[in-house]
Amino acid sequence: MNSIEGNVGELSGVTTVKVNLNSGTVGVEFNPNEVSIDKIKETIDDQGYDVQ
């Protein structure tokens, strides 16, 4: 999950990334004018995790 925080956190426009292992969720604060939710989902998916 640290790879998610690191990779998503490197995207331009992402301000915070918090992974919750207990619930299996990722909270992301981002500027939609700089990065799309689809790009964030794609980055998480590329790490081998399912994104819903």
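A pocket, as the word is used here, is an open set of points on a 1 Å grid over the protein atoms alone, where a 1.4 Å probe fits and protein lies on both sides within 12 Å along at least five of seven lines, and its lining residues have an atom within 4 Å of a point. The structure above is a predicted model, in which local features need pLDDT of at least 70 and side-chain atom pairs count only at pLDDT 80 or more, while totals for chains, interfaces and linings use all residues. Residues are numbered from 1 along each chain as its sequence is written, and side-chain values use heavy atoms, with hydrogens and water left out.

Start with the largest pocket by selecting Gly24, Val26, Ile44, Asp50 and Val51, which lie nearest its centre among the 14 lining residues. S2 and H2 are the elements that give two or more residues to this lining, and H2 gives the most, with 4 residues; helices (H or I, at least four residues) and strands (E, at least two) are DSSP runs, numbered from the N terminus. The volume of the largest pocket is about 300 Å³, a volume being the space filled by probe spheres set on the grid points, which are joined across faces, edges and corners.

Next, select strand S1 (residues 14-20) together with strand S2 (residues 25-30), which pair in the antiparallel sense over 6 bridges, where pairing requires that DSSP find at least two bridges between the strands. Within this pair, valine 19 stands opposite valine 26 in S2. The hairpin has 4 residues between the strands, and glycine 24 takes a positive phi near 70° there.

Then select Ile4, Val8, Leu11, Val14, Val17, Val19, Val35, Ile40 and Ile44, the 9 residues of the largest nonpolar core, meaning a set of buried Ala, Val, Leu, Ile, Met, Phe, Trp, Tyr and Cys residues joined through side-chain atoms within 4.5 Å. Helix H1 (2-9), S1 and H2 each supply at least two residues of this core, and S1 gives the most, with 3 residues.

Finish on helix H2 (residues 37-45), where glutamate 42 and lysine 39 lie 3 residues apart, about one turn of the helix. These residues form a salt bridge, with the closest N and O atoms 3.7 Å apart; the term covers a side-chain nitrogen of Lys or Arg within 4 Å of a carboxyl oxygen of Asp or Glu. A search of the whole structure finds 1 salt bridge. Glutamate 42 is partly exposed, at 41% relative accessibility, and lysine 39 is partly exposed with a relative accessible area of 35%, given that buried means under 20%, exposed over 50% and partly exposed in between (1.4 Å probe, protein chains only).
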